[in-house]
Amino acid sequence: MRTGEETSGPAASARGGTPGQSRRGPEPAPGAERAGHGGPYDPGVPVTTDGLPPWLGPVARAVDTVEPGQLSAFLPPKSGRGRQSAVLILFGEGATGPELLLMERAGSLRTHAGQPAFPGGSLDPEDGDPAGAGPLRAALREAEEETGLDPAGVQLFGVLPKLYIPVSGFVVTPVVGWWRVPSPVGAVDLAETARVFTVPVADLTDPANRATAVHPSGHLGPAFTVEGALVWGFTAGLIDRLLHFAGWERPWDREKQVPLDWRS
């Protein structure tokens, strides 16, 4: 059930911004250049809040201030081990208001098969320094390779702290963007991606679509039943925390459980 008729929150205020036409967004205004948690500012990959629609303000502030431990209990090993990777958390504006871009991984993959996720993947050498702009380039490149997204229409406005996925050994940098100029998207390689879809933020905040996922190992985590998919794990955890720290979260029944199986 969609809640686009709410009178407050992101769905109600989405019409306040006007998408721009710049290839990489406008030149950063004084004080708008932000490294966030991703390292030094790189003029080749701008990260700026300049020109964002007003409804994204709470997200930008949350991204800029949230601490690693507030996002996850799983943080990168102090030893430096882990495979460096990045994901793109891309907010756009659809017919019913703000939305997020997601993809569903192919069911034949060795890890996280069939699981909805943000576009993303491992850093390549050409992406550059993992402690600098490397994750920014990787997030945009992987999103283009997986969904056909045109990076020219994306304005990056924040970088979240690096997190860790123990089951796969990935150290993940979540890169947050605004889809200023939407482009057609779809599964580029069906061997890797089953489908690409957008989810209205109003659906993600709807208590009817929220639950607690229960893994056979006993691990509990947030889950969302949206667009015919069960979003859980790392992706659901990030969405849950962003909704919370942006002030968009609505009370929901945490006792409502969705069981997972051992293949998850």
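**Salt bridges and cores**

User: Which residue does R141 pair with at 3.2 Å between the closest N and O atoms?
Analyst: R141 forms that salt bridge with E142. The term means a side-chain nitrogen of Lys or Arg within 4 Å of a carboxyl oxygen of Asp or Glu. This is a predicted model, so local features need pLDDT of at least 70, side-chain atom pairs count only at pLDDT 80 or more, and totals for chains, interfaces and linings use all residues. Residues are numbered from 1 along each chain as its sequence is written, and side-chain values use heavy atoms, with hydrogens and water left out.

User: Is E142 buried or exposed?
Analyst: E142 counts as buried, at 11% relative accessibility. Buried is under 20% relative accessible area, exposed is over 50%, and partly exposed is in between (1.4 Å probe, protein chains only). R141 counts as buried too, at 14%.

User: What about R141 and E145?
Analyst: They form a salt bridge, with the closest N and O atoms 3.4 Å apart. Both lie in helix α4, 4 residues apart, about one turn of the helix. Helices are DSSP runs of H or I, at least four residues, and strands are runs of E, at least two, numbered from the N terminus. E145 is partly exposed at 43% relative accessibility.

User: Which residues do shared partners join into one network?
Analyst: D124, D127, R141, E142 and E145.

User: Where does D124 sit?
Analyst: D124 meets R141 in a salt bridge, 3.3 Å from N to O. D124 is in the loop between β4 (120–122) and α4 (134–147), and R141 is in helix α4, so the pair ties together parts 17 residues apart in sequence. D124 is partly exposed, at 28% relative accessibility.

User: How many salt bridges in the whole structure?
Analyst: The search finds 9.

User: Switching to packing. How many residues are in the largest nonpolar core?
Analyst: 37. Such a core is a set of buried Ala, Val, Leu, Ile, Met, Phe, Trp, Tyr and Cys residues joined through side-chain atoms within 4.5 Å. V59, I89, F91, F157 and L160 have the most contacts inside the largest one. Helix α6 (residues 233–245) gives the most to this core, with 5 residues.

User: What lies apart from it?
Analyst: Another core, of 21 residues, including V47, L123, A139 and A143.
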